[in-house]
Amino acid sequence: MHHLGRLQWVMETSLLKTLARKHRSTVSKTARKYRATVKTADGTLRCFQVTVPRGEDRQPLVSRFGGISLKRQRTAVLTDQRPVMASAKRNELIHRLLAECCEICESRTKLEVHHVRKLADLNRPGRRDKPAWVQLMAKRRRKTLVTCRRCHEDIHAGRGTAPLRK
């Protein structure tokens with residue numbers, strides 16, 4: 001209980017100092033302003049609470065910090081859950097690379113990724129006819145295009161590329 005009580009004190013003090021600083025007040029004034037008591041199964045506990053009224057037909061918004069008993073529950077059952085991975089999904093570019101197919105000519109050899117710095121570069125004024133690869137990237141709103149080596153060299157050389165797959 002001693003360690004949890006100490007942790008509770010540190011967290012409450014930190015909260016009060018943050019609020020006091022934000023509202024240009026003192027910690028003791030802030031504590032007095034937001035102090036409240038809550039009835040629980042373990043008795044009456046103190047907490048800090050803010051209530052925002054929202055009119056006659058709506059419930060008030062209540063935000064509470066504390067008011068939870070730190071009493072040990074000897075019969076409590078702890079169930080460890082498997083950690084959730086941040087993202088099990090792969091991003092779209094990886095899926096396009098795993099397809100192992102040039103997005104211009106459908107070749108399956110020596111794949112590379114063509115990249116433009118920003119989509120606005122695709123719509124530069126002064127160009128008459130946009131090449132098919134520019135139209136594809138603009139339509140997809142993607143800055144990358146998976147291409148074979150030959151198509152990638154053609155793009156950088158300014159040569160026309162093979163017709164796009166549909």
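Is Arg46 buried, partly exposed or exposed? In this predicted model, local features need pLDDT of at least 70 and side-chain atom pairs count only at pLDDT 80 or more, while totals for chains, interfaces and linings use all residues. Residues are numbered from 1 along each chain as its sequence is written, and side-chain values use heavy atoms, with hydrogens and water left out.

Arg46 is partly exposed, with a relative accessible area of 48% (buried means under 20%, exposed over 50%, partly exposed in between; 1.4 Å probe, protein chains only). Its side chain meets that of Glu12 in a salt bridge of 3.5 Å, N to O (a side-chain nitrogen of Lys or Arg within 4 Å of a carboxyl oxygen of Asp or Glu). This pair links distant parts of the chain, with Arg46 in strand β2 and Glu12 in helix α1, 34 residues apart (helices, H or I of at least four residues, and strands, E of at least two, are DSSP runs numbered from the N terminus). Glu12 is buried, at 6% relative accessible area.

The whole structure holds three salt bridges. Glu112, Arg149 and Glu153 are linked in a network of them. The Glu112 and Arg149 side chains meet at 2.7 Å, N to O, and this pair joins strand β4 to helix α5 across 37 residues. Glu153 and Arg149 meet at 3.0 Å, N to O; they are separated by about one helical turn because they lie four residues apart in helix α5. Arg149 is partly exposed at 40% relative accessibility, as is Glu153 at 38%.

Thr147 lies in strand β5 and is buried, with a relative accessible area of 0%.
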